Amino acid sequence: MTPRKSKFRQIKSSSFLRFFPFLIWARTVTGESLYADLLAGLTGAVIVLPQGIAYALIAGLPPEYGLYTAIITPIVAGLFGSSIHLISGPTAAISIVVMSVTSGIATPGSPEFISAALIITLLAGLIQFGFGIARFGLLVNFISHTVVIGFTAGAAILIGTSQLKYVLSVPIERGSSFVSTWNQLIHHIPDTNILAFAIAAVTIVATLAIKKYNKKLPSMLLGMIIASAFCWLMDGENHGIALVGALQSSLPGLSVPSVSHEDLSVMLSGAFAIAVLGLVEAVSIARAIGIRSGQRIDGNQEFIGQGLSNVVGSFFSCYAGSGSFTRSGANYDAGAQTPLAAIFAALILVVILLLIPQVTAYLPLPAMGGAILLIAWNLIDVPHIVQIIKSHKEEAAVLSVTFFSTLFIELEFAIYVGVILSLTLYLRRTSKPKVSEVAPIPFNTGTYLRSVALFDLKECPQLKIIRIDGSAFFGAVDYIQVQILKISARHNNPKHILLHCSGINFIDISGAEMLYQEALKLQKRGGRLSFCAMNNAVKKELERMYYLEKLGPENFYLTTDDALKELVPLLNEKTCDECDARIFQQCPEPKKLQQETQEQPLVLPA
């Protein structure tokens, strides 16, 4: 076999494994890892059983749809994703967005609502898969952590609000806004069913107590079992307590979502928001778990895995899913070795769905409401919110705007508002790089530049040294030019300027043209613009754009001392002779001192 054919086969094999990553980790499966994955899968199934039902109710879907999503989605995502420990499936944040988007198209609970939710899931999955194929994994980095925290906190408030009608057992109109829901809740407070409230309270107290006693126990599941027993003892059904009811004893059948062109345009915006939020959740969680496990996460492959899980899931009655931090963390802590743990958890759910669908028959809705209130509370990252508010005004603004947008406008647009504001503030910061006057601190060897303002340093009246920290791109060009102009004006427009460029990490053609224009101004005054300590990559970029030749290769110096060695002799001798700053080691001695030295008689030793 020729080397060329061998190389082609290696490339082909690499591309093949990229689309089928399970062929890589399947080789590592052993009897020991199978046992560990089975135990982790059992733990995962116990955790997701109550969560899947709860999240389906948040999304406005029948409870079995949450379990369908907890069966199909993690299997596909586990096979085609890059993370060993990430568990995908229904999540609280995605569920509330699905509810918000779909309720604008159809009435929650209706067949049209279910159909619309599946179509939106298909569209979101296709968008995610497309991002993965196009290798847009880096896009996640442009959605700040602050936006995610703000949106999640707002979604948690909405989730909690949506469950108060079950906790209090009062009528609330479907599809009501946040403000309208609270108005109706306040109006109906006198109609509160005390038993319903007590059942929700029992769920919360029992869950928290069990969790405090032993974190390894399925606290939420046990809490709901205790609340169900309490409801049965109090004869809740005859006192107006609604029950979840038995699940459908069947697996999701294959169905093809159909959509009209009119509905497609309405759904696309919401599907895009769900796709972006799902990717942010999944990749963030995968990376967080990856740090603990030492695994490197491929963002593009995770995009593909999440996209395929939603595409395939939409044909099997699954609504949009993403990575779950709770279940992923529990999966890692339970000792999972491969994504088979996610598959085992899904298969255990299949057994439960087929053999004991009555598991939710006596589960009261107030108990589910209490459990969901706990889930909502855990979504609010209080320590990080307090830290952001205390430490950074701009980030606090992003957090606040995203949070309140989530409460008072459409959820999918709340994400866009947060992202746009975050990017705007980022561009505002990058468009104002730090431009400062620097001067040498006197040392015996070498030249060490420090801030003139910070260290109260003397400056040379003929040669200004200016340091630029940031990118010299089109958005920052005007700001940099204005700052150089201000510095020059403060010092009687010196003929020579030396730019210390170690802080410039990127330059585009607008930045290069700005430097060229500044160089021409100084040339007209009989001076020159020089550069030192420039990054090689930036210098290569100038060369590629043909601006290195325009600026003059002779004006670029490796170090500050190299530049000063050549620039100081070009300065006006008379001004240098009268100057008392003498900040450069390269400064010539004053003529008076030279004359005194020459006139001193030579004293010979006796």
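The entries below cover a pair of helices, then the cavities, then a pocket.

**Entry 1: a pair of helices.** I noted before anything else that this is a predicted model. I then looked up helix α17, which spans residues 393-408, and helix α18, which spans residues 411-430, and found that they pack at an angle of about 165° with their axes 8 Å apart. Because angles over 145 degrees count as roughly antiparallel, α17 is roughly antiparallel to α18. I also wrote down that the crossing of α17 with α18 is right-handed.

Which residues meet in this contact of α17 with α18? On the α17 side I listed Glu-394, Glu-395, Ala-397, Val-398, Val-401, Thr-402, Ser-405 and Thr-406, and on the α18 side the residues include Leu-411, Ala-414, Val-417, Gly-418 and Leu-421. Sorted by class, the contact holds 8 nonpolar, 5 polar and 4 charged residues.

Entry 2: Rolling a probe the size of a water molecule over the atoms shows where empty space is left. My search of the whole structure gave 4 cavities of 30 Å³ or more, and the largest cavity holds about 120 Å³ of space. It is lined by 15 residues, and those nearest the centre of this largest cavity are Gly-44, Val-48, Ile-87, Arg-327 and Ala-345. Helices α3 (31-58), α4 (63-80), α13 (325-333) and α14 (340-355) each give at least two residues to the lining of the largest cavity, with the largest share, 5 residues, coming from α14. I counted the classes in this lining of the largest cavity as 10 nonpolar, 4 polar and 1 charged.

For the second largest cavity I noted about 80 Å³ of space. Its lining includes Cys-460, Cys-576, Cys-579 and Cys-587, and also Pro-461, Leu-571, Ile-583 and Phe-584. The lining of the second largest cavity divides into 9 nonpolar residues, 1 polar and 1 charged.

Entry 3: I next turned to the second largest pocket, in which about 910 Å³ of space lies. Of the 34 residues that line the second largest pocket, Ile-96, Met-99, Ser-162, Gly-175 and Ser-176 are the closest to its centre. The elements giving two or more residues to this lining are α3, α5 (92-103), α7 (145-168), α8 (178-187) and α17.

Which element gives the largest share of the lining of the second largest pocket? I found that α7 does, with 6 residues. By class, the lining of the second largest pocket has 17 nonpolar, 13 polar and 4 charged residues.

How values were computed: Residues are numbered from 1 along each chain as its sequence is written. This is a predicted model: local features need pLDDT of at least 70, side-chain atom pairs count only at pLDDT 80 or more; totals for chains, interfaces and linings use all residues. Side-chain values use heavy atoms; hydrogens and water are left out. Axes are lines fitted to C-alpha atoms, for helices over the stretch in contact, and angles run from 0 to 180 degrees between N-to-C directions. Helices (H or I, at least four residues) and strands (E, at least two) are DSSP runs, numbered from the N terminus. Angles under 35 degrees count as roughly parallel, over 145 as roughly antiparallel, 65 to 115 as roughly perpendicular and the rest as oblique. A crossing is left-handed if the near helix is turned anticlockwise from the far one by less than a right angle, and right-handed if clockwise. Contact means heavy atoms within 4.5 Å. Ala, Val, Leu, Ile, Met, Phe, Trp, Tyr, Cys and Pro count as nonpolar, Asp, Glu, Lys and Arg as charged, and the others, Gly among them, as polar. On a 1 Å grid over the protein atoms alone, a cavity is a set of points where a 1.4 Å probe fits but cannot get out, and a pocket is an open set with protein on both sides within 12 Å along at least five of seven lines; lining residues have an atom within 4 Å of a point. Grid points are joined across faces, edges and corners, and a volume is the space filled by probe spheres set on the points.
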